[in-house]
Amino acid sequence: MAFETRRLNLLLALLAIISPGNRFAAAAAASPEDHRYNVGDPVPLFANRVGPLHNPSETYEYYDLPFCRPDPLIWKSGSLGEVLNGDRLTNSLYNLKFREFKDREILCKKKLKVSDVARLRNAVNEDFYFQMYYDDLPMWGFIGKVENSSWSPGKKGPTYYLFKHVQFDAFYNGDQIIEIHASSDPNHVIDITDDVEVNVKFTYSAFWNATSIGFEERMSKYSRASLLPIHQRIHWFSLINSSVILILLMGLLTLLFMRRIRNDPRQYSAGDDEEENDFARKYICGELFRPPSHFPLFCAVLGSGMQLLTMVCFLSLLAFLGVLYPYSRGSLCTALVLSYILTSVVGGFTATSFQSQFTETGSGWTVPLTGIVYLGPVLVIAFVLDTISMAYGATAALPVGTIFIITFIFVPITVLLLYLGGVIRRLFRTEVCTPSIARKSLREIPPLAWYKNLPCQMILGGLLSFSSVVLELYELCTTLWGFKISVLPGTLFVTFVILIIVTSVLSVVLTHIQLSSGDHDWWWRCVFRGGSAAIFMFAYCLYFYARSNMSGFLQLSIFLGYSALMCYAFFLILGTVGFIASLMFVCRNYEAVKSE
């Protein structure tokens, strides 16, 4: 009997493939999994969350407000990325079947208590919106409006109205849903200005229209904001600005650099101080490859920076391939977590590589510090933000199950992969080889001019690097803290590459100036000079918040926490790039000079 059933199922599947126009085959193929439906089929609609328009991170569960509530309330199980993104999907009373028109359908009749009216009035005053998902397509709408009645005689203050009717406009192509909008009818409202009980009849309508847009292009509309003429001009001007700065910077600094290189032999061969200058130069070269203080921490910083750089490149590749796209529920957060875990091998390998390259005896603290340098601040800030979110009852608060998974599954896996990268590097360990042998005695660093000190060089290097990406940083902040996609993956990646090149050039030139002044303490300076652009980025984030309409302690906390983590990641990436560029320069230009 089981064998005959399997044969029948196989036959039905073949019929569905061979005869797609057959009505029976179409009915067998229609399902929410492949987003294909027949006329009258139920389509999943989930209510997600509500929140104030100007505070994108301050969101609450949909039924925290007294809307029409289904019984029972069924929560949709979400992925890790959905939970981290603050999505809390649940069922609703809206019954929107495929291509089934509805007009003034009654959702429910509800009596709002005085406390319910006060909550809804406060939500309307803060421009609360709702978000739903219909066939995995997001849609938004406002819950009410405020009208200023100061001009009306006998009325004081504004009037608050609650929308009691929602209209859904859906577009389809064949048996697939392409687009949907939710809008509220301003003519169907109820006054909730006064603290009195009110009876409300909530209704909704559904209208369907055919469209020629293909299913594979249905998510592209969420990136249309980045294709508007004004955003296109900003992107092009940003790229031109970055390219011009890069060309001028490389041209100008290369001329100065080559001039200084040509003058060095003359300086060392001129006058009576030839032997003294030659001795000083060789002495400096003898100090160049001495491991700096706190060397295990230094290697951990380089390992974390290389790990984050690899993660950024991997995410950019996923965006190019179309795996990551706007408003794909939780896909970006999931990709961030998984890519960070997988690239831990790169972090452990890089940190151990630098440790074994410059010292004969390895340090057991290098790999643990690599895991703490970035992941430690992430966990601390996440704990603080989670505590604040719990106090506010926001969806940004992580459930206990998610905290358990992150603490006892993902973190241990990350640590294991870090050690795996270190083990792989030690299996292919080579002899310690540096272009010069470090002296046992440290040479005293001569007094330096004020413009050669670390703070001045950080300001110079950071400001020039920051100026090459400031326009695209504005678009990135607008996308992260808004509701429209204003950037494109390709533009972001090109800007990131330009930032890497500018940082490398500046680091090499500033390192040469430092070494020419007799200062051999260049290791940590390269990291701070390269990563100083992140300080200006964080300052710009503060400026962006001050100019925006965001407010409230919860939104401020989340904004500062996420901005700090983003800029700290850029600090590690650019610091690592700056040091590696300087190291290549030092090895190439000073490998022939040996200490006595």
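Me: How much space lies in the largest cavity?

Reply: In this predicted model, the largest cavity holds about 190 Å³ of space. It is one of 4 cavities of 30 Å³ or more.

Me: What makes a space a cavity and not a pocket?

Reply: A 1.4 Å probe fits at the points of a cavity but cannot get out, whereas a pocket is an open set. The lining of the largest cavity comprises 19 residues, and Tyr62, Phe67, Tyr94, Val166 and Phe202 lie nearest its centre. Two or more lining residues come from each of β4 (128-134), β8 and β11 (198-210). By class, the lining has 14 nonpolar residues, 4 polar and 1 charged.

Me: Why are strands β8 and β9 said to pair?

Reply: Pairing requires at least two bridges. Asn173 has Gln176 of β9 as its bridge partner. The two strands form a hairpin with 2 residues between them, and Gly174 in the turn has a positive phi of about 70 degrees.

Me: Why is β9 described as mostly covered?

Reply: A residue is buried if its relative accessible area is under 20%. In β9 (residues 176-184), 7 of the 9 residues are buried, so the strand is called mostly covered.

Me: Which residues touch the most other members of the largest nonpolar core?

Reply: Among its 113 residues, these are Tyr62, Tyr94, Tyr134, Phe168, Trp522 and Phe579. Helix α18 (residues 553-590) gives the most to this core, with 18 residues.

Me: Which residues is Phe168 in contact with, beyond its neighbours within four places in sequence?

Reply: They include Tyr94, Met139, Ile180, Tyr204 and Phe207.

Methods
Residues are numbered from 1 along each chain as its sequence is written. This is a predicted model: local features need pLDDT of at least 70, side-chain atom pairs count only at pLDDT 80 or more; totals for chains, interfaces and linings use all residues. Side-chain values use heavy atoms; hydrogens and water are left out. Buried means under 20% relative accessible area, exposed over 50%, partly exposed in between (1.4 Å probe, protein chains only). Helices (H or I, at least four residues) and strands (E, at least two) are DSSP runs, numbered from the N terminus. A nonpolar core is a set of buried Ala, Val, Leu, Ile, Met, Phe, Trp, Tyr and Cys residues joined through side-chain atoms within 4.5 Å. Contact means heavy atoms within 4.5 Å. On a 1 Å grid over the protein atoms alone, a cavity is a set of points where a 1.4 Å probe fits but cannot get out, and a pocket is an open set with protein on both sides within 12 Å along at least five of seven lines; lining residues have an atom within 4 Å of a point. Grid points are joined across faces, edges and corners, and a volume is the space filled by probe spheres set on the points. Ala, Val, Leu, Ile, Met, Phe, Trp, Tyr, Cys and Pro count as nonpolar, Asp, Glu, Lys and Arg as charged, and the others, Gly among them, as polar.
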